[in-house]
Amino acid sequence: MCWVGSARPRVGAEVASLRYIDVEYGDGVVSIAGVRYASSADDVSIAYLRPTSDRPVVSALPLGLTLAVGEALADAGWPGWGSESGFVFFDRRGSGLSDRGDFAVSLESDVADLGAVVDAVGGGEPIAVRAMWHMGPVAIRYAAENPGRVSHLVLESTAATGLELADIESLRVIRMLIAENWDYYVRAAARVNLQLEGKHARLAERAMREDLSQARLIAQWDAADAYDATAWVELVQAPTLLIQRTSLPEDAGAYGSLQTLAASIPNATLIRAGDVD
């Protein structure tokens, strides 16, 4: 493993079985339970959370989030982030607990990271895959190219291309903040977007700063804006659930793109957030 910055894994008594990894963040330590590693086709180590359900869903984290930020959300009681959620989150290459080399960011590299985790969790059997926002094109391409690996596809507030998302005003504002005022962006992301307080907000802020640098997040965002999975949309064979959530402005902004996907993916269903249990 290659580590940069001040976030450091600390070997604990259970690390041999990968039950947890302690990571030091300045004056604090967070224990991330159930961390395992998958190796991508191009030999990059990708950290993911051990499945806690017999029906796991491999879930690509949105830009700016890492496993440690997810730990803060879970500890704060956010639904869908605890061990009972069934979601298998992972850190993309260059961030968090995954290999932290200076990797080029591309649609192909993100597909490779997703594929590594799907193979490790599914063991060759098809499993469900979930993605939202900028990770939608990644999941679409992977599902189209690997129909035997994906049993179901869940796409939330996303599009076939990054360009469609780049047109959403709220996402443009976030991208501008990342480049022009990194400190303000980190505080706002933790305390306003994620609505965290106290120790949970402080942990999320430290994780955002140290798990994913400003330069790395800009590189990921700019690359994702150019992602285009249009050629793979009609090739998706897995039953696909498209979800429009309404908690953030960017969710509503993606609705038109979701409608286009629903009309193009052969076996797709589009629902609104209020229809989700």
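Predicted model: local features only at pLDDT ≥ 70, side-chain atom pairs only at ≥ 80, totals over all residues.
The chain has 277 residues, and 52% of them count as buried. Its secondary structure consists of eleven helices and eleven strands. The accessible surface of the chain is about 12,200 Å². Carbon and sulfur atoms account for 50% of that surface.

Two pairs of packed helices come next. Two packed helices are described by the angle between their axes and the distance between the axes. On the H1 side, the residues in contact are Ala 68, Val 69, Ala 72 and Asp 75. They meet Lys 199, His 200, Leu 203, Ala 204, Ala 207, Met 208 and Asp 211 of H7. Sorted by class, this contact between H1 and H7 holds seven nonpolar, one polar and three charged residues.

The other pair is helix H2, residues 107-122, with helix H3, residues 136-145. Here the angle is about 65° and the axes are 9 Å apart. The crossing of H2 and H3 is right-handed. From H2, the contact takes in Leu 107, Glu 108, Asp 110, Val 111, Leu 114, Gly 115, Val 118 and Asp 119. From H3, Pro 137, Val 138, Ala 139, Arg 141, Tyr 142 and Glu 145 take part. By class, the contact of H2 with H3 is made up of eight nonpolar, one polar and five charged residues.

Helix H2 also holds Ser 109. With a relative accessible area of 9%, Ser 109 falls under the 20% limit and is therefore buried. Leaving aside residues up to four places away in sequence, Ser 109 touches Arg 93 and Ala 104.

Two loop residues have positive phi values without being glycine. Trp 133 is in the loop between strand E8, residues 127-132, and H3. Its phi is near 50°, a positive value in a residue other than glycine. Trp 133 has 18% relative accessibility, so Trp 133 counts as buried. Gln 195 belongs to the loop between helix H6, residues 182-193, and H7. Gln 195 is not a glycine either, yet has a positive phi of about 55°. The relative accessible area of Gln 195 is 60%, and Gln 195 is therefore exposed.

Asp 225 is part of helix H8, which covers residues 214-225. Its relative accessibility of 22% lies between the limits of 20% and 50%, so Asp 225 counts as partly exposed. Which residues does Asp 225 touch, not counting those up to four places away in sequence? They are His 134, Gly 162, Leu 163 and Ala 166. Asp 225 and His 134 are 91 residues apart along the chain, while their C-alpha atoms are separated by 7.6 Å.

Definitions and conventions. Residues numbered from 1 in each chain as written. Heavy atoms only, no water. Helix = DSSP H or I, 4+ residues; strand = E, 2+ residues; numbered from the N terminus. Buried < 20%, exposed > 50% of the residue type's maximum accessible area, 1.4 Å probe, protein only. Areas by Shrake-Rupley, 256 points an atom, 1.4 Å probe, with all protein chains shown as cover. Axes fitted to C-alpha atoms, helices over the stretch in contact; angles between N-to-C directions. Left-handed = near helix turned anticlockwise from the far one by under 90°. Contact = heavy atoms within 4.5 Å. Nonpolar A, V, L, I, M, F, W, Y, C, P; charged D, E, K, R; others polar.
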